[in-house]
Amino acid sequence: MRATELYAPTLRESPAEAELISHKLMFRAGFIRKAAGGIYSYLPLGWRTMKKIMQIIREEMDAKGGQEIMMPITQPAEMWKESGRWAVYGDEMMRLKDRHGREFALGPTHEEMITTLIRDEVRSYKQLPLMLYQIQNKYRDEIRPRFGLMRSREFVMKDLYSFDKDVEGMNISYQKMYDAYSRIFERCGLKFRAVEADNGAIGGGHSHEFTVLAPSGESSIAYCEKCNFAASDEKAELKIIQTAPEELKPLEKVQTPACHTIEKVKNFLKVPIEKTIKAVAFMDDAERLILAFVRGDHEVNEIKVINSVEGANHLYMAGDKLIEKAGTVAGFMSPIGISNAIIVVDQSVMLMTNAVAGANEIDAHFINVTPKRDFDAEKIIISDIRMVQEGDPCPHCGEKLKMTRGIEVGQVFTLGKKYSEALHATFLDEDGTTKPFEMGCYGIGVGRTMAAAIEQNNDADGIIWNRAIAPFEVVVVPVNAKDDKQLAFAEEIYNELQKSGVDVLLDDRKERAGVKFKDCDLIGYPLRVTISPKTLESGKIEVKVRRSGEFLNFERENCVKSILELLETL
RNA sequence: CGGGGCAUAGCGCAGUUCGGUAGCGCACCUCGCUUGGGACGAGGGGGUCGCAGGUUCAAAUCCUGUUGCUCCGACCA
């Protein structure tokens with residue numbers, strides 16, 4: 001490919017709306033252009049990288065027995081109504097009607113489509129397991145699209161669905177995909193973690209998110225450096241914190257004027273924060289008051305609260321009125337002597353002794369609270385409801401956990417029979433009984449992976465591509481393309497590299513050297529071969545490594561071999 | 001959905017307060033000169049000032065409505 005024939009409009013400035021580095025750089029380097037909020041065109045360079053990522057995905061999916069298919073974007077409403085998600089999905093689903101008034105959705109995902117696709121054809125356990133995947137545009141009408149390809153409304157996604165005859169088979173498929181995902185992101189050269197995730201409403205089974213580590217990421221994860229543990233902050237399970245045994249003192253009520261925050265209580269009573277019990281008041285959809293109690297230095301994890309209270313789907317902050325009705329008062333709440341509320345107590349709180357908790361009246365607290373003795377165990381829910389914090393012990397090995405931020409680029413999870421039952425997709429098993437499929441679903445955001453790679457690999461000059469997903473591996477730059485000698489020599493090198501299978505670009509534009517160098521750095525080709533009067537004279541060629549910035553000089557005769565060797569290290 | 005901001009040439013912006021018929025930098029075209037890190041000079045092309053009404057002799061500028069974009073929050077891949 002010649003730069004004079006390549007459509008790669010680079011810009012010195014980026015639009016005001018781009019705030020994320022990956023967004024700015026993809027825009028400036030001529031990878032993407034915006035059509036509407038959260039909707040983008042991919043220009044040649046961007047699409048080359050997308051195709052390379054997709055190719056890696058294909059190879060790894062195929063290696064595990066996946067078969068590629070292509071399903072429609074436009075999906076009839078009937079199948080969504082059948083699964084019950086037409087109503088559930090809400091405004092996030094792009095909907096449309098055809099000329100006859102029939103309803104359709106632009107697919108946000110393809111569980112319904114694939115399940116109805118195979119349900120009439122796959123009738124026997126002998127046809128299982130089955131793994132089908134596609135790489136397709138998906139649509140989610142985000143409330144607020146932003147960050148370029150990171151959170152868009154139309155995006156390219158690979159999704160594979162597995163069908164097995166039983167749970168064991170499903171777990172094998174899951175493990176295959178887990179392994180494939182690890183290989184995919186390794187091959188893309190990304191630093192990532194497979195993170196234990198909450199699979200929320202889908203329920204049951206397991207789920208991992210593949211998260212690329214980057215400070216700009218939207219999700220927060222906890223991980224252990226000693227063992228393999230990593231979990232999203234919402235999911236991270238926590239061990240019970242043992243407290244040193246103490247002689248139990250009798251419960252006592254004391255006055256604590258104007259001490260409605262833990263900070264004030266702790267200072268007023270001169271107790272360490274670990275000896276205080278904090279309350280957070282929530283309300284659920286049914287307007288039930290839910291009081292959550294954690295240690296003073298801990299935070300409440302709302303997801304865990306939802307999971308531990310039966311029937312709760314969403315939590316909102318509770319109003320004062322509701323709190324009053326329960327016979328307590330904000331700032332001075334405790335489970336002692338309360339009735340009209342659902343009380344959820346963190347497991348670590350139950351092991352505390354001689355602690356401080358509210359007295360359910362203004363300006364008063366209990367001291368010497370020992371939950372095991374003083375809480376009515378019949379009325380409370382004891383559960384792990386706290387948010388993980390840096391330094392918490394790892395639930396697997398006990399080492400101190402670290403926290404980091406990341407970009408979720410893929411997720412694997414088991415669906416079980418959820419969709420096969422809802423859509424009546426069954427097969428006949430060996431024993432002659434009819435059973436619904438055990439399904440799994442595995443997604444990768446292709447555009448997001450490209451964006452994440454840039455977030456993780458860039459500098460002040462531009463993008464730094466890993467060789468595997470760079471739009472071109474090598475760029476050959478004659479500093480002055482108007483000089484026939486230089487151009488001819490550059491073409492020689494270019495042809496030789498191309499013959500050796502290198503994905504190479506010849507920058508034959510008649511621009512000044514500075515302009516071309518700036519573009520090379522911005523676009524981020526891993527290697528730049530520079531041809532100049534200097535190199536013509538010395539008989540050597542100069543190679544610049546984008547990532548390290550180092551310059552290498554190779555002998556003309558075996559320069560292709562040297563470049564190939566160098567590429568192996570990138 | 002709550003609260004801000006913006007909309008003027010492909011991109012980044014000024015002009016709006018105080019109405020007088022649109023400008024700057026980058027990009028683009030031509031010529032000259034230059035060629036190892038986004039040169040320079042000269043000339044040039046390109047804008048229904050988001051859209052629709054209204055006020056006025058006159059509207060980018062004032063008024064009303066509307067659409068789009070964007071930031072923070074709530075929500076989420």
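Which helix gives the most to the lining of the second largest pocket? The points below take up that pocket, then the cysteines, then some backbone features. The model is predicted.

1. **Main contributor.** Helix H14, spanning residues 513–523, gives the most to this lining. Its share is 6 residues. The pocket itself holds about 290 Å³ of space.

2. **Lining residues.** The lining includes Thr10, Leu11, Arg12 and Arg28. Ala460 and Asp461 also line the pocket. So do Gly514, Val515, Lys518, Asp519, Asp521 and Leu522. By class, 6 of the lining residues are charged, 4 are nonpolar and 2 are polar.

3. **Position between domains.** Where does the pocket lie? Domain 1 (3–237 + 403–454) gives residues to the lining, and domain 3 (472–567) does too, so the second largest pocket lies between them.

4. **Disulfides.** A search of the whole structure turns up 0 disulfides. Cys227 is in none, although the sulfur of Cys394, its nearest cysteine sulfur, is 3.6 Å away.

5. **Cys441.** Is Cys441 buried or exposed? Cys441 is buried, because its relative accessible area is 8% and the limit for buried is under 20%.

6. **Cis peptide bond.** The bond from Leu128 to Pro129 is cis. Its omega is near -5°. Pro129 sits in the loop that runs between helix H5 (111–119) and strand E7 (130–139).

7. **Ala258.** This residue is not a glycine, yet the phi of Ala258 is positive, near 60°. Ala258 is placed in the loop between strand E13 (252–255) and helix H7 (262–269). With 42% relative accessibility, Ala258 counts as partly exposed.

8. **Asn354.** What is the phi of Asn354? The value is about 50°, positive in a residue that is not a glycine. Asn354 lies in the loop between strand E17 (342–346) and strand E18 (355–358). Asn354 is buried, with a relative accessible area of 8%, whereas Ala258 is partly exposed.

Technical notes. Residues are numbered from 1 along each chain as its sequence is written. Chains are lettered from A and ligands numbered from 1 in the order in which they are written. This is a predicted model: local features need pLDDT of at least 70, side-chain atom pairs count only at pLDDT 80 or more; totals for chains, interfaces and linings use all residues. Side-chain values use heavy atoms; hydrogens and water are left out. On a 1 Å grid over the protein atoms alone, a cavity is a set of points where a 1.4 Å probe fits but cannot get out, and a pocket is an open set with protein on both sides within 12 Å along at least five of seven lines; lining residues have an atom within 4 Å of a point. Grid points are joined across faces, edges and corners, and a volume is the space filled by probe spheres set on the points. Helices (H or I, at least four residues) and strands (E, at least two) are DSSP runs, numbered from the N terminus. Ala, Val, Leu, Ile, Met, Phe, Trp, Tyr, Cys and Pro count as nonpolar, Asp, Glu, Lys and Arg as charged, and the others, Gly among them, as polar. Domain bounds come from an automatic or database domain assignment. A disulfide is a pair of cysteine sulfur atoms within 2.5 Å. Buried means under 20% relative accessible area, exposed over 50%, partly exposed in between (1.4 Å probe, protein chains only).
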